[in-house]
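Let's take a walk through this one, starting where the chains meet and ending inside one of them.

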Amino acid sequence: MTLRRIFIIATICFFSMGLLISQANAFDGEYKVGAVFSVTGRGSFLGDPEKKTARMLAEKINNAGGINGKKLELVLYDDEGDATKCNLAVKKLITRHKVCAVIGPSLSGLSLAVIPVAEKYKTPLVSCAASYKIVHNKKTGKPYKWVFKSPQSDSMAVKAIYTHLKNRGINKIAIISVTSGFGASGRSELIRLATEYNMNIIADEKYGPKDTDMTAQLTKIKGKAPAAIVNWSIGPTQVTVTRNWRDLGMAGIPLYQSHGFGSRKNIKLAAGAAEGVLCPLGGCNIAELLPADHPQKSATMDYLKDYTAKYNEPLSSFGGHAWDALQIVVNALTAAGNDKAGIRDYIENTKGFVGQHGVFNFSPDDHNGLTKGAFHMVIVKGDNWALVD
Amino acid sequence: MEKITLASQLLQYLITGLTVGSVYAMVAVGFNIIYNVTEIINFAQGEFVMLGGLIMVSLHVAVGLPIILAFPATIVLVTMIGILIDRLAIRPIRRPSVLTLIVATIAVSILIKGTASLIWGKDPFDLPAFSGRNPITFLGAVVQPQYFWVIGFLIITAVALSIFFNRTIIGKAMTACADNADAASLVGINVKQMILLSFALSAAIGAVAGIAITPISLMEYDRGAMLAVKGFGAVILGGLGSFPGAILGGLIMGSIESFGAGLIHSGYKDAFALIVLLIILFFKPSGLMGSIEISRIKRF
């Protein structure tokens, strides 16, 4: 009797286990993609939305049946904004987790630090950081073989701003920038491209990333009476600059911000001072403003709806970079399968990919795939942006 | 857009420098209160400023308390945190040496910063200015109403502290601990209570500084460290342990930064402050108002 009962129970267990296993095996194998973001630490405002976006996109892809019937497994590491940790994380992803491609890191400095790793292990890496140097090898004058990046370069933002200034007939400008990597890189691009656009930089001021007040720098600029001011920073300082600019009665001198101003939180934090501030933004920031026939309209609107519904927080443009990076890799995986060289070749030949921040056209000489057309100039009106042209 | 005259520019640099310097001075005073009683440098001093700003934002903006209620409530909360630090991190250490206690305050500052990033997230927060944001023009220079509040708070803090330390029994008892803790306990002063009080006071002053500066510069979870560094510079400049020195040091640091950024080069403004600091220490190693005799008998 007892023996019989045990037998029955064992049989039931056996079959239900089989059922469970087959349930888990709805996917026929998996594709592993690595991700390294600065989820915590100094770059957390980048890494946090990037992580959330990558998770959300991977989930969406798997719910829709995965890639060619295989599950997309996202292996995510937090580098905490630390170059050593970032380096280790990328090595671990490649050697231990055997991922077929890596997206990230979030920061330019860290991306530069892991280029040698990606090159050594011959693994495609799609960075989510801005610097032009990530996809430009100074020695050869060409991109690194295995490294790509999804965000627009700061040089494109500078070109967009200079083009706008030129169309307004302004050529006497003051620049003010934060001394962090983002500000320093933007500043050097502003200076490098000035001659090409006939811009005369009459003041070049700086401030620290944690400074409390920029009145002194702006007073100096006011004394030199430029026709426009370009500020290059991220974080709270760009709001402080905007407020100081307004308080000093300098609203008559148009203030241009970098693409780092791309969050409506900044308009709110400026408490009215941001009215009339201009900045270049990617399509992802202004999904609602894009005309209905714009190629990016549907992609950006979908992302906006999904993200705000899932996380109940405003969309940040930085998440869009992770969306672009992961989607580029996923497209390559769909076409080339689990073959690193195949993925790399596919990405390099990707044309007309519609992403959050522009329409990407990669080539062997261009591992970013975007042009200055990926930026739209917008102006702050009330508590929102409006397109200008 | 009319051009601004050099005189107005100079006035503007001075006003900005004094405002920023007032915050450094308040942080410096906080350092000194704890140093005088315990001989330790409290590395969590900047976190008090950050907590003051962020708690005020929560109480005033999120909860909706009027400023008149949110202000004292914030100070009380931050003071409690100061007391907790003494109870949980400083007092339990067995056989404390000055160095272990200093390391403990570093741990506390990391803990507070981490907790704050979990509670408030990593975004900066804004606090409405106490008397609006309409700037006043004065001889061509622009003055934010909030500047008056910041400088006013420094004056109130300085007056209140000098009355406290010179006119009240508890204040004098604290000064006694500062002079010689063993002798103070011999005459019946509870030194442990005084240490607790020093953490409470210094947390309260940090909170005031945080509340005052947030409407100008916003506040986020990791701003404390930078303010602590500037405040510490002010302490050293003025002379470790000296209150007038701390205030003077803070105002000088702020002004040098402002004038340096405006007149010479904004990229090196932090360097100017440090260069002046080094020059002064070279000629007067105990700081502007410090005394070499007192610093000899201190352990640190």
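Two residues count as in contact here if their C-beta atoms, placed from the backbone, lie within 7 Å. Helices (H or I, at least four residues) and strands (E, at least two) are DSSP runs, numbered from the N terminus. This is a predicted model, so local features need pLDDT of at least 70 and side-chain atom pairs count only at pLDDT 80 or more, while totals for chains, interfaces and linings use all residues. Residues are numbered from 1 along each chain as its sequence is written, with chains lettered from A and ligands numbered from 1 in the order in which they are written.

On to the interface: 30 residues of chain A touch 31 residues of chain B. On the chain A side, the elements giving two or more residues are α2 (44–63), β7 (200–207), α7 (215–224), α8 (236–247) and α9 (264–269). The largest share, 7 residues, comes from α7(A).

So what does α7(A) meet in α1(B)? Its A:T215, A:A216, A:T219 and A:G223 meet B:Q9, B:Q12, B:Y13 and B:T16. The axes of α7(A) and α1(B) (residues 6–38), lines fitted to C-alpha atoms over the stretch in contact, come within 9 Å and cross at roughly 170 degrees, on a scale from 0 to 180 degrees between N-to-C directions. That makes the two helices roughly antiparallel, the word for angles over 145 degrees.

Now look inside chain A. Strands β1(A) (residues 30–37) and β2(A) (residues 71–78) run parallel, joined by 8 bridges; strands pair if DSSP finds at least two.

Terms used: Angles under 35 degrees count as roughly parallel, over 145 as roughly antiparallel, 65 to 115 as roughly perpendicular and the rest as oblique.
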